[in-house]
Structures are given as structure tokens and as C-alpha cells.
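Subject: Structure for your review

Dear colleague,

I am handing over the structure we discussed. Please look through it when you have time; my notes come after it.

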Amino acid sequence: MRCDQIEEVLSAFADGEASAGERRLVAGHVADCRECARKLRLMSGMKASVKKLGVPPAPAELKARLRRAAAGRRKAAWPGLFTLPAVRWGLASAFAAASLIVILRVRNADDNVSVELLLAAHTQYALTMPLSPSESLYAGLAERTAEGDAHGL
Amino acid sequence: MASRLLALLLLLSCAPFAAAKRRAPKLPDAWDVLRESLEPVDASYQGEVLVDVYKGQLATTREMSVRVADGGRYRREILGEDGRPSQLIVSDGKTEWIYDRARNKVWEGEPADPYYKRLGPDDEFDLLSENYDALVSSSTPVAGHAAWLVELRSKEGGRLERRLWIDKRKGLVLQSQMFLPDGQLATEMKFTKLEYRKSSAKTPFMFKIPPGAKIVKRTEPDFMALDEAKSAAGLEPKTPAWLPSGYVFESLDVLPRGGRKILHFRFSDGVNVLSLFQCPPHVTLDFGGENAKQIDAGFGRATTAWTPEGRVLGWSKAGSKFLLVGPLSPEQLARVAESVR
């Protein structure tokens, strides 16, 4: 791999954010390339120095002001959003559509009549006939009852 | 001398006829055999049965273990491929349980009872004899039991409808074949083993709910008159103006479906049943199986499917959904359907 290509991932390597593959590439390259090894040491050194410096604490008054400002912006944003007519209509439409889907699903489940269930009723009646082939019908009845039930009896 | 020789020749020529007359079994009246087969068997029995369901040239076979005792008690075990019962149908004479092992589910209800029907057993037998001719012959034994073979043919057209092998001593149906209108065999049942017993233990006819099984109460079948339909279901009954020869209205039942009700009209010719289901508006008939197909039934679009009970035809008319099922030809089903109003 060329030095200009490896340079792109050196920073991520120094930050500890490089992927396993990138880490292998950088480690292999810097083992043979003095220039890139030096750049890496520099980068790592600078980042370590910045970390050592730390972030200066913000003044308490500034923190409080920022918190108040942020809270005010949140309050203003939400009521404003709901008062927009387009948003209100959109939400109402979405709610109506969702309700319709639920109603249709419930109705569909309720209005589906299993033909197996009807055939089970037919078979049960056929068993009352003189000379009915009862053993064949009993075998069919058990199957129809179970299948009809599986189809939402 | 000549006269003696002539007498001897005459005797010899008649001998085979006399022997044949002695050998020919005396056949009973076919209707007596059928009537006897409808009486409860005066013994408990236990056996193994094969049930074949034909679809064209293809047949599926189910194996059943059967135990029947007096008082309407029975236990039928439908055996799975592993030889273990996959489904049970048990009755103690008052309650019938259908158990599906795979689903661990029990359906509990009353066993089918012909004595509450509008057409009593005698009326139905009269209808049977009005519509069918019966012919009896002697048969080879079935499951080791001597049997009469009775064939039922429709009086109109002479079509073979049923073949029944009936135990000569006990009157039990040992084997039966049911045919479709096109002459194809639809179902066959045959005892492969059968043993009569004087008494039977109570245990096989008691059903113990398996642990964790879900119990579903089945609605009890009812046998109402036509004029009770509206008050019972809130639906204006739509009935066929045309029925195949020999069929009469027997009764109707109301099947609850959620908050809605479905009318079940039953028509009988003494042997076969034709069922018409009238569903309320906005109902969708779920055919489930993949053999259902859309057809132009002549009076409009319809859905048809093949079942072991006969052909099924589903259609929509004036907002209601209808389903017709019975051992009729597609043309007959369509004609009945078209006449529903």
C-alpha cells in the first residue's frame, strides 16, 4: 500500500477508531516505512497532549443560560408543530387509516367462513343417514373438524 | 328293457339340475337384509378397518381401530403413519369427543343421532326404497365373516350407488363402496379384522382430557322446519326451486359464526345428503385447500372443489354467499345453485 493511501487511515488509527483490517494495514506499513511511522508517532503524541490538556469547565452562569435557552426552544417547537394545520390533518388521517386497517382486519377475521367447518357440519349430518358409510365419515369428520378449526373456526 | 333305459337316461339328465337346485343358496329379500343392517348389532365388536378415499385413480388409505359397544358407545382411533392414533373419536353414549393429537385439542359435543330428525328412520327408509332398487347376492367372506352383498341402484337411470357387504349373522356392514355420479368409486371401507364380544369393558369408551389440551364445545345439531329459519337466524331463507329426482327437504340447522348465523339446509334421497349453506352478506368462503378453482357455472362465477363427500360449489347471489355440497354431477350442482332464490 502506498504512503498517501495509508495516511488517510493514520488519524483513525491514532484515535483507536480504525477497523481491524485498517489496523493490520497500518501496522504492516509502518513496520517498513520510517516516514509513516514518524507521522503516526507525531499524531499519537499530539492527540495524547490534547487529551492531557482536557476541556476547560464552562462557567456555571453560562451553563444555566444555555439550559434555559434550550428548554424554551423545545417548548416552542412542539406546540408550534401541533398547531400547524397540515400536521394536524396528517396526524388525523394517519390515525383514521390505522383505525380502518384494524377494523378491516378484525372484520376479515370474523367474516372468513371455513369451508372445512361447513363440510364438518355436512359430514356430521351424513352420519345420521341410513346405510351411511360411517367409518369413512368418522375418519372425514375428525379431519374436517381439525382443519376447520385450524382455519379459524 | 327299452323303457327302463329311457327312465335311467331321464334320471341322469335331470340329476345335474337337481344338484344345482340343492346347492343354490336361498337368497333373502334385499330389503330385509338392509333393514337388519340398520338395527343395532346385538354384540360388542372390535376390529380394524381400512378406509380408502379415491380421487380419480389416486387413493389415500387410512387405517382405523374400531370398538363399538351397546348404548351408542364407540371408540375409533385413526392411526397415523407411525401406527399410533393421530385422532380419536370416542363416545360414552351421551358425549362425543374428537381429539387431534398433533394440535392437542378436543372438540366436545353430542354424537350424531337420527332419532331427532324430522324424517324419522322409518320415513327415511321408505324414501330409500322409493328411490333405489336393491339386489342381494351371496359373497365371499369379509374379515372371516360370511356376508351378503347388496347393491343399490337408483331407480332413475339404474346408476350403481352403493355396494354393501353385510354380515349374514349379525347384520353389521363389513365393507361398503360408495360411487360418484360418473360411476367412479369415491370411498371404500372394509373390516380387515373383526371380533364380536358379548360384553365390553367401560374404559375404552371413557375419554380422559390429555394434560394441557384445549377443549372446544361443538354446537349441537338441530333439526328445524323451514319456517323456523327466519326467527332462528334472522335471515330470509333462500331455497332451491329445483332438486335432483328423489331429493326432499329434511331439516335445517343454524350454525353460529361469531355474531352471525349460517343456515344449513339438508336434503335427502334416503341414501345421499345434499347440503346447502346460506351465509349472511359480507362473508368470505375460505376454501383453504388448493384444489378450489373459479369456474363459469352458467349462471355466474362460482368456486368449485372436489371433496370425498362430493363436489362443492360456492357462489354469491343477492349479497349472500352460498355453498352446496353433495354427490351430484357438476351440471346438477349448477342447476340446483341456479334455482336458489
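Below is what was found, by topic.

Please keep in mind that this is a predicted model.

Chain A. The secondary structure of this chain consists of seven helices and one strand. Their order along the sequence is α-α-α-α-α-β-α-α. Chain A has 153 residues, of which 27% are buried. Of the contacts in chain A with a separation of 6 or more, 53% are between residues 24 or more positions apart.

Nonpolar cores. In soluble globular proteins, nonpolar side chains tend to be buried together. Here the largest nonpolar core has 85 residues. Ile166(B), Leu313(B), Leu323(B), Leu324(B) and Ala337(B) have the most contacts inside this core. The element that gives the most to the core is helix α6 of chain A (residues 115-126), with eight residues. Leaving aside residues up to four places away in sequence, Leu313(B) touches Ala297(B), Ala302(B), Thr304(B), Leu324(B), Leu333(B), Ala334(B) and Ala337(B). There is also a second, separate core of six residues, among them Ile6(A), Phe13(A), Val26(A) and Leu40(A).

A hairpin in chain B. Strands β7 (residues 132-142) and β8 (residues 145-154) of chain B are paired in the antiparallel sense, with nine bridges. Ser139(B) has Ala147(B), in β8(B), as its bridge partner. Two residues lie between the strands of this hairpin, and Ala143(B) takes a positive phi near 50 degrees.

Regards

Methods. Residues are numbered from 1 along each chain as its sequence is written. Chains are lettered from A and ligands numbered from 1 in the order in which they are written. This is a predicted model: local features need pLDDT of at least 70, side-chain atom pairs count only at pLDDT 80 or more; totals for chains, interfaces and linings use all residues. Helices (H or I, at least four residues) and strands (E, at least two) are DSSP runs, numbered from the N terminus. A residue is buried if 20 or more other C-beta atoms lie within 10 Å of its own, exposed if 12 or fewer, and partly exposed in between; C-beta atoms are placed from the backbone. Two residues are in contact if their C-beta atoms, placed from the backbone, lie within 7 Å. A nonpolar core is a set of buried Ala, Val, Leu, Ile, Met, Phe, Trp, Tyr and Cys residues joined through C-beta atoms within 7 Å. Two strands pair if DSSP finds at least two bridges between them.
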